[in-house]
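Reader: Please go through the packing in this model with care, and give the cut-offs behind each term as you use it.

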Amino acid sequence: MRKLLVQTADLPGADFRVLTFYVTAAPLGETVRETAKTVAETVKISRGSTSKSISRLLAEGWLSRVFRVGTVPFYRVGDKVLELAAEEADVEQLAPVRHLPVRGFVDE
């Protein structure tokens, strides 16, 4: 999330709120099955602002349109988010956390 925050620092606040909704609403790469109306209500911005934010995020590669049901489109995080997540995964693999044994612990 920190890399995402830094990379999106130039975006309007509404765009970051909408993107954060999509990043946290489903496992990365999976379709978020919520309508733009639900997104707007959840992040407390107008439907018009949500629609504009989604359009900007699509144009910049932060979101991807997956499919439509009638006139309602559904999205997932875009390639930019997935690339940041992959970079983070690479860093985590380079520096694994090791747990040290606890002295004085008696197994019953």
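Reader: In which hand does α3 pass α4?
Author: This is a predicted model, in which local features need pLDDT of at least 70, side-chain atom pairs count only at pLDDT 80 or more, and totals for chains, interfaces and linings use all residues. Residues are numbered from 1 along each chain as its sequence is written, and side-chain values use heavy atoms, with hydrogens and water left out. Helices are DSSP runs (H or I, at least four residues) numbered from the N terminus, and a crossing is left-handed if the near helix is turned anticlockwise from the far one by less than a right angle, right-handed if clockwise. On that basis, the crossing in which α3 passes α4 is right-handed.

Reader: Which residues make the contact between α3 and α4?
Author: Helix α3 (residues 36-43) and helix α4 (residues 47-60) pack with their axes 9 Å apart and at an angle of about 110 degrees, so they are roughly perpendicular (65 to 115 degrees). By class (Ala, Val, Leu, Ile, Met, Phe, Trp, Tyr, Cys and Pro nonpolar; Asp, Glu, Lys and Arg charged; the others polar), this contact has four nonpolar, one polar and two charged residues. With contact meaning heavy atoms within 4.5 Å, α4 contributes R47, T50 and I54, and α3 contributes A36, K37, V39 and A40.

Reader: At what angle do α2 and α4 cross?
Author: The axes of helix α2 (residues 13-25) and α4 come within 9 Å, and their crossing makes α2 roughly perpendicular to α4. A14, D15, V18, L19 and Y22 of α2 touch T50, S53, I54, R56 and L57 of α4, a set that divides into six nonpolar, two polar and two charged residues. The crossing angle is roughly 75 degrees.

Reader: How far apart are the axes of α2 and α3?
Author: These helices pack at an angle of about 110 degrees, which makes α2 roughly perpendicular to α3, and the crossing is right-handed. R17, V18, F21 and Y22 in α2 meet V39, T42 and V43 in α3, while the axes are separated by 10 Å.

Reader: Which element gives the most to the lining of the largest pocket?
Author: About 180 Å³ of space lies in this pocket, whose lining comprises M1, R2, K3, L4, V23, L28, V81, L84, A85 and E88. The elements that give two or more of those residues are α1 (2-7) and α5 (79-94), and by class the lining has seven nonpolar, no polar and three charged residues. With four residues, the element that gives the most is α5.

Notes
Axes fitted to C-alpha atoms, helices over the stretch in contact; angles between N-to-C directions. Parallel < 35°, antiparallel > 145°, perpendicular 65-115°, else oblique. 1 Å grid on protein atoms, 1.4 Å probe; cavity = no way out; pocket = protein on both sides within 12 Å on 5 of 7 lines; lining within 4 Å. Points joined across faces, edges and corners; volume = space filled by probe spheres on them.
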